[in-house]
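This report covers one protein model, read residue by residue from its atoms. The sequence and the structure come first, and the discussion follows.

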Amino acid sequence: MKNLESENLSIIWIEWGRKIPKYLENNIYLHNLLFPDLLQYLISDFKPSDSLLESRVKHVVLEQIPKSSYLERFDEISEKRAEIYSQKNFWIGTTRRFFLLYDFMHFASLSKAIHVESDNVLLNLDQTERLFTEKDWSIAFPLQSSTLGCGSIFLVRDLSGL
């Protein structure tokens, strides 16, 4: 999959382990309207609706992406994890998305990307693009507090940061 526009900034949506929710489809349509020149990828293990496939989003079937040793190790650890925390599957799923993001970016030869959770909206692309011109970071994400990050909108400027 080397013919993807590797230098253009793109949004990557990752939805695995469940059918693609209608709100994600609506969100992809919304981002098409807000940012018509911004390439979007949907990585999933379920087929999107026909209307979404006809939109400008590029659907990539999860099974097409080779698993990195990082993802294999994470999956191995996740299988053995004791269920002492509430929402076990939520936290594993949330964390696994970042390994999938790494694998997809590596597979597609993308050097930079915006990962957006399925229920979030990117409102200011100009400011986001400006961040990508700065040289002193490899990943960026919002903070919920001085010590707690949030992966709702996650920027990758350098794959090594993942």
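Leaving aside its neighbours within four places in sequence, which residues is S44 in contact with? They are E15, I20, H59, V60, V61 and L62, where contact means heavy atoms within 4.5 Å.

The model is predicted: local features need pLDDT of at least 70, side-chain atom pairs count only at pLDDT 80 or more, and totals for chains, interfaces and linings use all residues. Residues are numbered from 1 along each chain as its sequence is written, and side-chain values use heavy atoms, with hydrogens and water left out.

S44 is part of strand β2; helices (H or I, at least four residues) and strands (E, at least two) are DSSP runs, numbered from the N terminus. With a relative accessible area of 1%, S44 is buried. The classes are buried under 20% relative accessible area, exposed over 50%, and partly exposed in between, with a 1.4 Å probe and protein chains only. The side chain of S44 is joined to that of H59 by a polar contact of 2.7 Å. A polar contact is a pair of N or O atoms within 3.5 Å; within protein, one must be able to donate a hydrogen and the other to accept it, and residues adjacent in sequence count only if both atoms are side-chain atoms.

S51 sits in helix α2 (residues 50–53) and is partly exposed at 39% relative accessibility. Its side chain makes a polar contact of 3.2 Å with the side chain of S49.

**Nonpolar cores**

A nonpolar core is a set of buried Ala, Val, Leu, Ile, Met, Phe, Trp, Tyr and Cys residues joined through side-chain atoms within 4.5 Å. The largest one has 22 residues, of which I12, Y41, I43, L101, F104 and M105 touch the most other members. At least two residues of this core come from each of β1 (10–15), β2 (39–44), α4 (88–108) and β8 (153–156). Helix α4 gives the largest share, eight residues. Leaving aside its neighbours within four places in sequence, L101 is in contact with I12, I14, H115, F154, V156 and L162. Another core, of 18 residues, lies apart from it and includes I28, V57, L125 and W137.

**Salt bridges**

Side chains of opposite charge can pair when their charged atoms come close. A salt bridge here is a side-chain nitrogen of Lys or Arg within 4 Å of a carboxyl oxygen of Asp or Glu, and the count by this rule is seven.

| Pair | N to O distance |
|---|---|
| E15 and R18 | 2.2 Å |
| D50 and K47 | 2.8 Å |
| R73 and E76 | 2.7 Å |

In the pair of E15 and R18, E15 is buried at 4% relative accessibility, whereas R18 is partly exposed at 40%. D50 has a relative accessible area of 49% and is partly exposed; K47, with 58%, is exposed. R73 and E76 are separated by about one helical turn, because they are three residues apart in helix α3 (residues 69–80). Both are partly exposed, R73 at 45% and E76 at 38%. Salt bridges also link K67, D75 and R96 in a network.

**Surface and loops**

L30, L34, V121 and L123 make up a nonpolar patch on the surface, with about 350 Å² of accessible area together. Patches are made of residues with over 30% relative accessible area and no salt bridge, like charges being joined within 9 Å and nonpolar side chains (Val, Leu, Ile, Met, Phe, Trp, Tyr) within 5 Å. Accessible areas come from the Shrake-Rupley method with a 1.4 Å probe; for residues, only the protein chains shown count as cover. V121 belongs to the loop between β4 (113–116) and α5 (125–131), and is partly exposed at 32%.

T133 is placed in the loop between α5 and β5 (139–140) and is exposed, at 56% relative accessibility. The side chain of T133 reaches the backbone oxygen of R130 at 2.6 Å.

Most residues other than glycine have a negative phi. S109, not a glycine, has a positive phi of about 55°. S109 lies in the loop between α4 and β4 and is partly exposed at 31% relative accessibility.
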